[in-house]
Amino acid sequence: MTSDNGKYAIDLHEVDKVYKGKVHALCSIEMKVHHGEIFGLLGPNGAGKSTLVKIMMTVVRPTKAKGTMLGQPIGHKPTLARVGYLPEHHRFPNYLTGRQTLEFFAALAKVDRPTRKKRAASLLELVGMSEWGNKKISSYSKGMMQRVGIAQALMNDPDLIVLDEPTDGVDPVGRRDIRDVLIKMKDQGKTVFLNSHLLSELEMVCDRVAILVQGKVATQGTIDDLTADSQRYEIVIDGQEPSWVNEFGDLRAESRANHQTVLILGSTDAGKVQPIIDRLRSTQTTIHSIKPVRESLEDLFMRAVTDPATGKAYQPGAASTKRKKKRAGEGS
Ligand SMILES: Nc1ncnc2c1ncn2[C@@H]1O[C@H](COP(=O)(O)OP(=O)(O)O)[C@@H](O)[C@H]1O
Ligand SMILES: [Mg+2]
């Protein structure tokens, strides 16, 4: 890591974007991405994820943006030479082969010819496209396009990789392959920033996440930290709720089907669960399972994207006040 990399790989402050003076797509974004981590930016469609990425990639001009990427101010074009970017809904020229596409983009990034050739071959291999490398883009499926798109983002051997919906349209096997690629990149010391509206796979790879809702960061941190409050033990037993449940602090019971009851201990401290097991055993209660449980990223996400006023998910799109104004304007 060079000294001009800055403390964080990405350190954003007060990022705002108002499209054409109407749609308030981003509002006072504060976000930190550590070097060498996989960071997931999650949010429903229309939350502003791509807008934020495009601002970092200098494709969209921010209304306001402070902060740095790889130690340089946001908008500093030369820094992009050290960044790999997979745009959303990318289109490559249909008449090129996958290999030619990779070499073409590497040439734009001023990678020398022998390195281009070598890297194209090894990256096609990495994304599982070696056998398709000499076939035309026009014959590729959506998943293959994504694979080649990811390889393209790696052709300049970047320090930071920014992927906008890398698993969009990719089947489950392909998604697992992409996860493996991301982990390999991290193992090589690279920083990965990815956008997604798909959660489960991110949960498996991301060190930290931010959830974006209607242009605002609803929450950010490690998945462990964000779900810490919800950690618990669940003990599934036969029969009714035991009469002594109230004697244990933090313990409650819920009925289950099949005459079973689940005892829920609001802690993942193994020491606290032992006396409960002793008590159950002393009363010859059958214990089916004991497991530590925590909120999934999906639960966390659903909580973040649910409007507490209505109990329903926020509608896709930017800040509602702006939309209402717009609609009112249209009517007049
Ligand atoms: N070029 C544009 N002009 C006007 N509005 C836009 C433009 N691009 C995106 N938006 C609006 O900004 C909001 C955020 O969009 P986007 O950043 O694409 O969200 P996401 O990637 O999370 O789905 C949406 O309301 C979208 O309609
Ligand atoms: Mg998007």
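How many bridges join strand β11 to strand β13? The views below cover this pairing, a ligand shell and one serine. This is a predicted model, in which local features need pLDDT of at least 70, side-chain atom pairs count only at pLDDT 80 or more, and totals for chains, interfaces and linings use all residues. Residues are numbered from 1 along each chain as its sequence is written, and chains are lettered from A and ligands numbered from 1 in the order in which they are written.

**View 1. Strand β13 and its partners, β11 and β12.** Strands β11 (residues 232-238) and β13 (residues 260-265) run antiparallel, joined by 6 bridges. Strands are DSSP runs of E, at least two residues, numbered from the N terminus; two strands pair if DSSP finds at least two bridges between them. Ile237 has Thr261 of β13 as its bridge partner. Strand β12 (residues 251-256) is also antiparallel to β13, again with 6 bridges. Here Arg252 is bridged to Ile264.

**View 2. The shell around ligand 1.** The ligand is surrounded by 14 residues, counted when the C-beta atom, placed from the backbone, lies within 6 Å of it. The closest are Tyr19, Ala25, Lys49, Ser50 and Thr51. β2 (23-33) and α1 (49-56) each give two or more residues. α1, a helix (H or I, at least four residues), gives the most, with 3.

**View 3. Ser196 in strand β8 (residues 191-196).** Ser196 is buried because 20 other C-beta atoms lie within 10 Å; the cut-off is 20 or more, with C-beta atoms placed from the backbone. The C-alpha atoms of Ser196 and Leu42 are separated by 5.2 Å, although the two residues are 154 apart along the chain.

Terms used. A residue is buried if 20 or more other C-beta atoms lie within 10 Å of its own, exposed if 12 or fewer, and partly exposed in between; C-beta atoms are placed from the backbone.
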